[in-house]
Amino acid sequence: MKRGIYWVLGLVLLVLWSFTSKVNQDLSNIQDPGIEDIVKSYKKAITDWPKPDIDYGVQWKEFAPIKNDTAFFTEQDKPGVILGKMLFFDPKLSKSSQVSCSSCHDPEMGWSDRRRVALGSDHLLGNRNSISLYNISERQSFFWDGRAKTLEEQAAGPLGAHHEMAMDVKTLPAKIQAVKGYKELFKKAYGTDKVTYDRIVKAIADFQKTIKSQPSRFDKFLEGKYNALSDEEIYGMHIFRTKARCMNCHNGQYLTDESFHNIGLTYYKKKYQDLGLYDVTKKPEDVGKFRTPQLRDLMLTQPWMHNGLFSDLEGVVNIYNSGMHQLDPSPEKKKLDPMHPVTDPLLKPLNLTKEETKALVSFLESLSGTKFKMRRPEFPTE
């Protein structure tokens, strides 16, 4: 009797194993797979997708969908968030009372400013592009060089910068305290109407935490709605994960490794030199490294790169296609100048065809899903 049961169980397991092997058939088992085979290999659970091409030693995470922020309107009604929203849009936080946080992070422009570099107080230009605030609460460090480690520290940075809001932060609390309309807002948020610098930056940070991307067609595809992406976009996603090697840095739920890389745009010892992470760490190996931006809502946040150099996605893909290693120093030159930046070894010539480039661009365009544009609040004026 027992032998019969074991025999039946063995037969069932054999059938299940044979079925599973067909379902999970990898592209490597298909000789010269075509686009149709590639597309079909992604119309299944993410766990059964073809594995991405990842360099040895790279820590990466698989794609994951984001959900609708069902708590958005509840969060917006919290006293601290209401106060932070008022302060974020209020130009009185600047020395001239003409520049606000929203001057560089405008909800009409993807929480950026659509400029190559930021324009601040007295029309002074910064040297870096304004990073979008989408999903900022998910970041592990802030600014292109990672110099801020908390959202409060990030919120405080532009307030006193001479080429941004140029405010004397020591006098800011008194300036805001003098506006009668803010007293009730501070009281509701903190229990008393006393205005302090810490309360100001905390409220701004609390508001910024509510700025999140909405799901895109990409997210719908990840959740099993396989008609949400076209075949070309799915093929582009495959190129992103494999031949284009994008997954080495742009992975996980927000398509960023939260790290820093030198992609060869340092302009070392030239007019537009920017040493990036080195300015924070003072380590020679960090010269020219900048944070990996998240790719959510990509089409709402151009121009791209730390210096706002590109506003065309095909141009971005083409420069990565080149390999980006035009200015690497020789060993002898590096020995003479230890500070000379070296382009990240993860970057290599990709040899993408025109068809692959077009598909990759199409996929990148599918990552934008946000349509809601927040209205500016009526902040206290007296």
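**Note on a predicted model: contacts, rings and burial**

1. Leaving aside its neighbours within four places in sequence, Val-169 is in contact (heavy atoms within 4.5 Å) with Leu-159, Gly-160 and Tyr-197. This is a predicted model, in which local features need pLDDT of at least 70 and side-chain atom pairs count only at pLDDT 80 or more, while totals for chains, interfaces and linings use all residues. Residues are numbered from 1 along each chain as its sequence is written, and side-chain values use heavy atoms, with hydrogens and water left out.

2. Val-169 is found in the loop between H6 and H7. Helices (H or I, at least four residues) and strands (E, at least two) are DSSP runs, numbered from the N terminus. Buried means under 20% relative accessible area, exposed over 50%, and partly exposed in between, using a 1.4 Å probe and protein chains only. Leu-93 is 76 residues from Val-169 along the chain, and their C-alpha atoms are separated by 9.0 Å.

3. Helix H6 covers residues 151-160, and its buried residues are Leu-151, Gln-154, Ala-155, Ala-156, Pro-158 and Leu-159. The buried residues of H6 pack against helix H7 (172-177) and helix H9 (197-208). As background, an α-helix has 3.6 residues a turn, so residues three or four places apart point the same way.

4. Arg-139 is in the loop between helix H5 (101-104) and H6. Arg-139 counts as buried because its relative accessibility is 13%. What does the side chain of Arg-139 reach at 2.9 Å? It reaches the backbone oxygen of Asn-135. The side chain of Arg-139 also makes a polar contact with the side chain of Glu-258, at 2.6 Å. A polar contact is a pair of N or O atoms within 3.5 Å; within protein, one must be able to donate a hydrogen and the other to accept it, and residues adjacent in sequence count only if both atoms are side-chain atoms.

5. Two arginines lie over ring faces. Arg-139 is over the face of Tyr-254, at 5.6 Å from the ring centre, and Arg-147 is over the face of Phe-143, at 3.8 Å from the ring centre. The rule is that NZ of Lys or CZ of Arg is within 6 Å of the ring centre and within 35 degrees of the ring normal.

6. The structure holds 19 aromatic pairs. The ring centres of Phe-72 and Phe-73 are 5.0 Å apart with planes at 85°, so the pair is edge-to-face. Rings of Phe, Tyr and Trp (its six-membered ring) pair if their centres lie within 6.5 Å; planes under 30 degrees apart count as stacked, over 60 as edge-to-face and the rest as tilted. Phe-72 is buried at 15% relative accessible area, whereas Phe-73 is exposed at 61%.

7. Ring pairs also link Tyr-42, Trp-49, Phe-63, Phe-218, Phe-221, Tyr-226, Phe-240 and Phe-363 into a cluster.

8. For the whole protein, there are 15 helices and 2 strands. Of its 382 residues, 49% count as buried. Among contacts between residues at least 6 apart in sequence, 69% join residues at least 24 apart. The C-alpha atoms fill a box of roughly 85 × 65 × 40 Å, taken along the principal axes.
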